[in-house]
Amino acid sequence: MNKWQSSVVIVLVIVGLIVGLKVHMAPKKVEINLQTARARGNPDARVKIVEYVDFQCPACAFGIQYLKTLFEQHPNDLYLQVRYFPLTGMHRHAMISAMYSECAARQGKFWELDDLMIPQQGQWEQLINPEPVFQSMASQVGMNIDQLNSCLASDDARKVINDEKSLGQSLGIKSTPTYFINKKMVVGTKSLQEEMKTYFPGN
């Protein structure tokens, strides 16, 4: 190996060390499984629920709170997955609230944001622009705001929401909230409560 070849090898080794160090020092990104980011409970539970929601729908808000109470009482017996069904023709903030929820899911913060957004639905639904409120909620739950805004500006989150709504329509969904409880379609919160009483008579 001549002097020139030796110099090239040394340079390549140094470059490799620098690149390796940068990779090692770079902040690790947490990969979020989007199928489970909007799910909670025991995957092996005897009661599995798929919930199609519009976050501006008052009945949806009631159903979410009702199921949250059931989860507190029966944590091992329930598994819930939330899917989007924004009624954009009826609720002007249906899509933007779904977008914030989906972007929260991508940071592993879906339920944390949900726990702020749903109880305050009566306030933000009256606003012309609810985004300052949603941004504040996102900060409260520790979301990365730069990542959030990048997500909101992309078409990917909107596509996920629209695809889930299309899937719901193909299953016969026309209104929210609609639930599939152990694969049985249940429409509305009154029917939800009646169905859940068959599994949990005391509730």
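1. Rings of Phe, Tyr and Trp (its six-membered ring) are taken as a pair if their centres lie within 6.5 Å, with planes under 30 degrees apart called stacked, over 60 edge-to-face and the rest tilted. By this rule there are seven aromatic pairs. The model is predicted, so local features need pLDDT of at least 70 and side-chain atom pairs count only at pLDDT 80 or more, while totals for chains, interfaces and linings use all residues. Residues are numbered from 1 along each chain as its sequence is written, and side-chain values use heavy atoms, without hydrogens and water.

2. One of the pairs is that of Tyr52 and Phe85, which is edge-to-face with 6.5 Å centre to centre and 85° between the planes. Because Tyr52 lies in strand S2 (residues 47–53) and Phe85 in the loop between strand S3 (78–84) and H4, the pair ties together parts that are 33 residues apart in sequence; strands (E, at least two residues) and helices (H or I, at least four) are DSSP runs, numbered from the N terminus. Tyr52 is buried at 0% relative accessible area, and Phe85 is buried at 2%, where buried means under 20%, exposed over 50% and partly exposed in between (1.4 Å probe, protein chains only).

3. The charged end of Lys165 sits over the ring of Phe85, 5.5 Å from its centre, the criterion being NZ of Lys or CZ of Arg within 6 Å of the ring centre and within 35 degrees of the ring normal. Arg40 lies over the face of Phe71, at 5.8 Å from the ring centre.

4. Phe55, Tyr84, Phe110 and Trp111 form one aromatic cluster.
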